Amino acid sequence: MKDTKRIHPAVVGRTVSIVGIGSYVPDRILTNADLEKMVDTTDEWITTRTGIKERHIAAPDQASSDLGAEAARRALADAGISPEDVDMIVLGTITPDMGFPNTACFVQAKIGARNAFCFDIEAACSGFLYALEIGRQFVSTGTMETVLVIAAEKITSILDWKDRNTCVLFGDAAGAVVLRARGAAHGVMSSVLGSDGTLAELLMLPGGGSRYPATEETVRQRLHYMKMAGREVFKHAVTNMSRAATDALRSSGLGTDDIRWIIPHQANLRIIEAIGERLGVGKDKVVVNLDRYGNSSAATIPLALDELYRQGKLQKHDKILMVAFGGGFTWGASVVEWDK
Ligand code: ACO
C-alpha cells in the first residue's frame with residue numbers, strides 16, 4: 001500500500017475559512033423501482049448492497065457547469081460576496097462539459113466572475129478535497145483573497161445504462177464553498193492527500209482521451225462509459241479512507257472525540273459503516289445522505305456539508321472530518337473547524 005500523503009496543516013500562512021456554501025441537485029429523481037425497469041436489478045439488491053434508494057438526474061440540456069454555477073451562486077449568496085470579487089475558481093469534476101475549455105471557465109461566464117482565473121482539477125471522487133486544498137494554499141499564502149471551490153458532476157453522462165454494476169450507483173449534483181482568510185482560530189485545519197496510479201485500471205473511463213480517441217470502434221466497444229471493478233475498489237476505499245482520516249486527525253492534533261461530524265464520500269453505506277467502525281466513532285457522528293442522492297463523485301462531500309448547514313446542524317467551532325476516495329486511485333481527508 002502506498003503512503004497516504006502529505007500535506008500538513010498550514011504551519012505558516014493565513015488561516016483559511018469556509019465563508020460560504022451552496023449546493024444544487026437537479027429536479028428529476030430516479031428511484032430503484034425505476035431502475036428495475038431498465039436493468040436486471042431489484043430495489044432489495046441496491047438497498048442492501050449499497051444503501052441507495054434514489055438519485056437525482058440532470059436534464060438533457062444541463063451540463064456539469066450548469067449544476068456547478070447554481071451551487072456557486074448559492075455559495076456566494078451565502079457568503080454575501082459578489083461574483084466580481086472572486087479571484088480564482090477551482091472546479092473538481094470527471095464529467096467536464098467538454099474536452100476543453102475547462103468547466104470552471106464555463107461557470108465563470110455563467111455567474112459573472114469576470115475577475116477570476118479558472119481551472120479544473122480531476123481527482124474523481126476525491127476532487128472536492130483536492131480542490132479545497134489547492135484553494136486553501138492560494139488563500140493561505142496571501143496570493144488570492146477569495147477562492148471559489150466547486151465540485152460539479154453530471155456523472156450520469158458517463159454511465160452505461162446497460163451495466164447494472166455501475167448505473168445503479170450514481171447521481172448528479174454540485175457543491176461549492178467560498179474560501180477567505182478571516183483571522184479565525186482554525187478554519188481548514190489539516191489536509192492529507194494520496195494517490196496510487198498503479199491501480200488505475202480498476203476504475204476508469206477509457207475512451208475519449210488521447211489513449212483511445214473517439215472512433216466508431218471505441219463507441220461500439222462502449223469505451224466512453226465508466227468501468228469499475230467494484231469489489232476491488234470497495235476494499236481499497238475502506239483501507240485508504242480509514243488511513244487518510246486517521247492521518248488528517250493526527251495532523252490536526254485532534255481525536256475522534258473532538259470531531260462533531262464525519263462526512264465520508266458517499267459511495268456505499270457498507271464502506272461508510274466500515275470506516276466508522278475502524279475509526280471507532282458512533283453512527284450519530286457519521287453523515288449519510290446517499291440513500292437520496294447516490295454517489296455524485298466529487299460533489300458528495302460539499303452536498304452533504306451544505307445539507308448539514310441548511311438543516312441547522314452545524315454550530316460555530318464544530319470540527320468536521322471529511323474523507324474521500326476515487327478513481328486514480330486518489331484519496332484525501334481534511335479537518336475543518338466550522339466558523340461561520
Ligand atoms: N443488481 C443486481 N445484482 C447485481 C447488481 C445490481 N445492480 N450489480 C451487481 N450485481 C451482481 C453481480 O453481477 C454479482 O453477481 P455474481 O456473483 O453472479 O457475479 C453479485 O451481484 C455480487 O457482485 P459484487 O460486485 O461482488 O457486489 P458487491 O457486494 O461488491 O457490491 C458494489 C458491488 C456496490 C459496486 C460495491 O462493490 C461497491 O460499492 N464498490 C465500491 C464503489 C466505490 O466506492 N466507488 C468509489 C469511487 S467512484 C469514482 O471514483 C467515480
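Start by selecting residues 230-252: this is helix 8, with 23 residues, and from first C-alpha to last it reaches 32 Å, close to the 33 Å expected at 1.5 Å a residue. (That expected span is 1.5 Å times one less than the number of residues; helices here are DSSP runs of H or I with at least four residues, strands are runs of E with at least two, and both are numbered from the N terminus.) Step on to Gly253, which follows helix 8 and has a positive phi, near 80°.

Before going further, a word on what is loaded. This is a predicted model, where local features need pLDDT of at least 70 and side-chain atom pairs count only at pLDDT 80 or more, while totals for chains, interfaces and linings use all residues. Residues are numbered from 1 along each chain as its sequence is written, and side-chain values use heavy atoms, with hydrogens and water left out.

Next, select Leu202, in the loop between strand 8 (188-195) and strand 9 (203-204). Buried or exposed? Leu202 counts as buried, at 13% relative accessibility. (Buried means under 20% relative accessible area, exposed over 50%, and partly exposed in between, with a 1.4 Å probe and protein chains only.) Leaving aside neighbours within four places in sequence, show what Leu202 contacts: Lys227, Met228, Ala229, Glu232, Val233, His236 and Phe329. Contact here means heavy atoms within 4.5 Å. Now try Glu217: 15 residues from Leu202 in sequence, with 22 Å between their C-alphas.

Now jump to strand 6, residues 147-153. Seven of its seven residues are buried, so strand 6 is largely enclosed by the rest of the structure. In a regular strand the side chains alternate between the two faces of the sheet.

Last stop: the cysteines. How many disulfides are there? Zero, counting pairs of cysteine sulfur atoms within 2.5 Å. Select Cys105 and Cys118: the sulfur of Cys118 is the closest cysteine sulfur to that of Cys105, but at 4.8 Å it is too far for a bond. Cys105 is partly exposed at 28% relative accessible area, whereas Cys125 counts as buried at 10%.
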